[in-house]
Structure formats: C-alpha cells, structure tokens
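Good morning, and thank you for the time on the agenda.

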Amino acid sequence: MKTLFRTSAATSILALSLISSPAFAQQQAEQDVADDDFHRTGEIVVTAPYFERLDLLAGTSALSGEELAQQSRGQIGDTLLSLPGVSATSFTPGSSRPVLRGFQGNRVAVLTDGIGNIDASNTSADHAVTIESLTTERIEVLRGPAVLLFGGQAVGGAVNAIDKRIPRAIPKEAAHVDALAGYGSAADEWSAGASVDVPVTDRLVVHADGSYRKSDDLRISGYQLSSVLRDEVFDLADEEEAEGELDEAEELREAAENRGRVPNSAVETWTAGIGTAFIDDGGNLGVSFSIYDTKYGIPGRPGVGHHEEATAAGEQVSMAEAGEEAVTIGLRQYRADIRGEVETGGGFLERLTFRAGYADYEHTEFEGDEIGTVFKSNGFEARAEAVQANRDGWRGASGIQYLLRDFEAIGAEAFVPPNRTRQLGLFSLQEFDLGGLHLEAALRYDRVKQEAQTLGITRNFNNVSAAFGLAYLIGDLKIGINASRTGRAPAVEELFSDGPHIATQAYEIGDPDLRSEKAWNAELYARFDSSNVDATVTVYSNWFDGFIYEDATGAEEDDLPVFQYFQNDARFWGFEADVSARLGRVGGFDFVVDGVADYTRASISNGGGPVPRIPPLRLLGGVELQSGSLDLRGEVEWADDQRRNAAFETETAGFTLVNASASWRPFGRDRNIALIASVNNIFDVSARRAASFTKDYVPLAGRDFRVTARISF
C-alpha cells in the first residue's frame, strides 16, 4: 500500500505540472448540444479508442448501453457471451475470463482503457478478472492488425473495457449521474452500481463511482456432476465402502446425488473509484484511484483430495481422510491510473498520448477458515503513442509500452516461485486509404525477461510480430484479408509452476526450457453494411510453431491429478458470422432478426490429438420488435456436442437455451431511463461449457429471471 500511495502522489504531482503547462492553457472549444447522454456529448473526447481512430480493417464487436446493462454479470467472460467468437472459462460464478476463437489465458489481452488489467487472472483460471461491468461504459472485442498495439501475444484478440473513472468530457449539467441496478433469481443476485461526474470549472471535472454485487450459491437444473463424473464418484464410493470407510463412502454418494445448487459458489464484490480530469482544447490530463474487492467460493470436485497433511501426531493423512474443507478466495486490488493527451497544433503529428497504471494486488486462498496460499502481485504498465495526422489517406500511430510485474505466492501450496516479469515493446500501425482500397500494416518488437529468483533461473525472449491487412470496398460490401506473424514469450506459470494448487485442485508442472511460441495467422472476411442489413463473415486459421498448452497427464501427485505444460506445433481454424437485418414494420414496431455463429477446430500436430477445452459449434438467433419506448426479444442459443477432446478430457454434451427479454423506456429512447425484464434458460436446461476446467461439476445457471433498471441523467 505504501508503494501505491507513493505512486499516486507522484502521478498527482505530474498531473499538476502538466496542467500548468502552456499546452493546456488554450480556451475550451464550444461543445455541441447534448445528444442523449453525457458519454456521447461534445466535441472534446479525451481518448477515443485507438481502433475507432486508426483501425479500418480489424473486426470489432461491442456491448454498451442497454445491451451491456442486460448482459452484465459478475465476471467479464460471462458478460460477453452474446458476441461472435466469444466463449468463457466459466470456472465459477466468481471467476470467468473471455475465450476468443478458442484461445484463453495469455493469448487474450484483457485491457482497461487501453492498458493491461494488471491482475492475476491470466495466471490461472480460478483467479477473478478485476473489471466490474456495472461501472463500465463499453466493452469491445478487437481483432486484426491493430491488436499489435496492445501486444504480440494476443493471437485471439483483445478485450478492452472502457471505464468512466478518468472523465472524457465536461458535463453540461451541474452533476451527471449514471446508475444501474438489478436482480437475478438463479443465484439470488442483487447488484447496483452508480457514478457521478461533477464539473468544478469549465475545464475541470471530478468523478466518483461505486458498485456492490452479492449472490448466493448458483441454482442449476439437474445434477451438479456430469454423468461421467457421477459414475466415477459412485465407483470411488464403492471402493471406500469396501475398505470400511463408510462415512467417506456416504459423503461421496451424497455429492454424486446433489442437484439444484452448486455448493460454495456464492460471490460478494464491491468496488469504489474516484478520478479527475482537466480537459482543454489543447489536450487533457486525468488521474484516478480505485479499489476492487471480491470474495467467492471455489466449488470442490468430489473424489479429488489435496496434498497430504500432517496430523498433530506427525503422521500423514490425505485430505479424503482428514475431511475436505471448502475453498474460498478473498481478493483485493488497489489501482492508480493516469491518462494524458496533447494536441500538437498541426504538422506530421496530430497528438501525443500517454497512459499508465499501477496496481497492488493480493488474493488469499482459504481452506475453511485457514489460510492456504497468498498470492501477491505489484504491477506497473505504461504506454505512449505518437498519433500521425491524416495526410491524403495516410495515418498511423507509433509508440512504446513497458510492463513490470513482481509476483509471489506464499504458503504450503505455492505452486509458482517468486518471480519478476519485465517487458518492453515498440510498435507502429500504419493505414492507407486509397479510395476503394484500404491497406493496414503493423510491426511490433517485444523483449521479455522472466526471473525466478529462488530457482536462480532467468529467461530472456525477443519476439518480432508483424501484420498486414488489405480490404476492398464495393458499395456497401467490404472484402478483405488480414495476415500476421506473431511471437509470444512463455508466461511465468508455464515456465516455473511445480506444486499443488488448492483452487484448481490440480498438481501443476511447468517447463523452464520452453521457447517462444510463434504463429502464422490469417483471416478472410466479408462485411456488408447498409441501412437495413449488417453482416460479417470471417474465416480464420492459425499455424503454431511451439504451441504451449496445459493438459492432464493421467498421473497423480499428492492425491491430485497432474496437469503439465507441453509444447508442440498446432493448427487452429474456424469461422464466425454475425448478421442483423431490419425486415420492416409491424404494428408500429421495427421487425429485426439477428444471428451469430462460430466454430473453432484445433489440433496438436504430429498425432498429438485435439487441443484441450475448445468450444464447439454454436448458433445464436434472435427476433426482436423495436420501438422508441418498448423492445421485445426472443432468442435461441444452440451449442453442439464437443467430442473432439484431449486424452484425459471428458466430452461435453450440447445444449439449447431459450431466452426472452423486454426493455421499456417510459420517457422515450432519448431520456436514457430503461427498465429491462428477462428470463434466461426458460426451459431450465442443464448446460456446460467445453472451455471450462470445471465443466464436470460447475454447470451453467438454470432458469434465471432478471430485472434491471438503467438511469442516466
């Protein structure tokens, strides 16, 4: 905390010095009349997303406004499931990271306003993502050459959550308020979040926000355990009974018969943030400070013990004999951010931008009331860009990015040694508009240093990534191709893991000799955009040299299944499609149909079999009636069976979910007051996600009635 407060003080001093500089002394330009919301008001924008200003070719999908309010869940992975090509790790209701085109972990960059989230969610599937959608303005999924602005490792793409903590404009009102509140029946979930922006002067605005979310154990349809796991647990119960362990046998049978709820899946989360920004015609500068705090349960897998523990007499007994304690995680992150932009006043460069963040992160894994393992992470990330002015269709941005992270696990089950990561990146993205022909090229260099101090191991990696895009516009149709060569350094968990991990209930083993992962990537797409029809179809393929993956070995260590990191060549390919069509008017309503389809197929080369945890074919279709005051929607999501599995991975049954919703705006579309009622999984179907480590004992929610209120004034 002391380090964080020193960092916050330093950023505040820097902010004051920049505000007093001549570049920020110009008069504020007049703003346009309010559109419908403070967040879309005015000419002055602090930091429009990079892909809006620079990227012509990359595929982008997003959630904002009422759609984000309706889809809001406790974890960002579960919030984005309606978008094409997106699945989720769904480890538990308290921990779920996005899966893009079958990629997860370090191959998907999760960003907060353009820089890394600086948490530990990419180190293990049980670690929560420290983003709260209740106080987020917009979440976007980015692909294509422009993703190299954020890192060469993001083969699957990047997820950028644009928050409100550093204001982007001066509100015309005496105070601007955004609020969101909701209830979900499946987990008895209550949630509320609000933010307020107050102009202090015509160039200075302050911001405050907060949120609270609490849910009980998740209600499900049918048995908690999959049919395969139930059979295994019944067999184990028979073995325990044959050995005379009647109590243990009874507990196992009770677990196999459990239905209706996922025990130990409750979540409680709160956040708070403050920020301020100086906004002038010549630039802007803002700082913020925030806290993210959550406590959530980790459902146990029946029949899996932990490492042996010593009794008071000194003898060793397994967790099955000692009695398995419920595992929970308590997490808190303190974060300070700064963002600035200076208009250059003309010439080759249009503006200079700067973005930095520091986070002090700690989470504790509890076994009952006892502390199991404590994870600590201190991280700093900064980036600066020089944005070029548009010169006859040529524009671009170049910059530098730096990351420093110290990570430590403390406790008997510290499966990763203390380590430090340093990363320096240099990048450039250039775009050329030649009338109907658009070109885009990106180049990035990354130098990564990974140190495990207690092991005396230091690894250095140098990777060059490059991307090229070409698109041709024919009326409302754009046809294009993107190609790239990317390099990713192994993560510290992939290199140095060696030990039992209580939350994942696995013994994890890394490989300190792993080399950089290289990939050739290509996608071919067609996009149609007219007044009544929007459609995109993309076909993609990835060829990996030295693909790094974690897979079960079939062995056991300390009563836990062994998961080990391997490296081999691999091939991914798939497609995604997204269409929305306005077909006409029915009784004063616009009649709209939409659909999403995505599929990924991934295999390890040289007879290695399928890549683990790949989502199957999915189809999502909806019908909607839209008017200024009322929207009515029905949709069906269908997922195929996933029978292409790694050697020790179970099959995942397909499912069909039917959902319906109604959005009512009592004062019209322009007043930003909406009441949303929805029911998800109407027919109470039992469903599991193939991308999840915990799919066999953490199914998706059963029937879920939800009500949401969204207000902006």
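Of the contacts in the protein with a separation of 6 or more, what percentage is accounted for by residues 24 or more positions apart? In this predicted model, the figure is 67%. The secondary structure comprises eight helices and 36 strands, and 55% of the 713 residues count as buried.

Let me turn to the nonpolar cores. The largest of them has 27 residues, and those with the most contacts inside it are Leu80, Val159, Phe544, Phe547 and Phe572.

Val159 deserves a moment here. Leaving aside residues up to four places away in sequence, Val159 touches Ile76, Leu80, Pro98, Leu100, Val108, Ala109, Val110, Leu111, Ile139, Glu140 and Val141. As a general point, nonpolar side chains in soluble globular proteins tend to be buried together.

Helix H6 covers residues 246-257, and at 1.5 Å a residue its twelve residues should span 16 Å; the end C-alpha atoms lie 17 Å apart, which agrees. Which residues of H6 are buried? They are Glu248, Ala249, Leu252 and Ala256. Viewed down the axis of H6, these buried residues fall within an arc of 100 degrees, so they line one face of the helix. On the face of H6 turned away from the buried side we find the exposed residues Leu246, Asp247 and Glu251.

A search of the whole structure finds nine cavities of 30 Å³ or more. The largest cavity holds about 700 Å³ of space. Its lining consists of 41 residues, of which Asn106, Asn122, Gln153, Leu403 and Gln423 lie nearest the centre. Which element gives the most to that lining? The answer is strand E20, with five residues. The elements that each supply at least two lining residues include E4, strand E19 (370-388), strand E20 (394-411), strand E21 (419-434) and helix H8 (492-496).

How values were computed
Residues are numbered from 1 along each chain as its sequence is written. This is a predicted model: local features need pLDDT of at least 70, side-chain atom pairs count only at pLDDT 80 or more; totals for chains, interfaces and linings use all residues. Side-chain values use heavy atoms; hydrogens and water are left out. A nonpolar core is a set of buried Ala, Val, Leu, Ile, Met, Phe, Trp, Tyr and Cys residues joined through side-chain atoms within 4.5 Å. Buried means under 20% relative accessible area, exposed over 50%, partly exposed in between (1.4 Å probe, protein chains only). Contact means heavy atoms within 4.5 Å. Helices (H or I, at least four residues) and strands (E, at least two) are DSSP runs, numbered from the N terminus. The expected span of a helix is 1.5 Å times one less than its number of residues. The arc is that of the directions from the helix axis to the C-beta atoms. On a 1 Å grid over the protein atoms alone, a cavity is a set of points where a 1.4 Å probe fits but cannot get out, and a pocket is an open set with protein on both sides within 12 Å along at least five of seven lines; lining residues have an atom within 4 Å of a point. Grid points are joined across faces, edges and corners, and a volume is the space filled by probe spheres set on the points.
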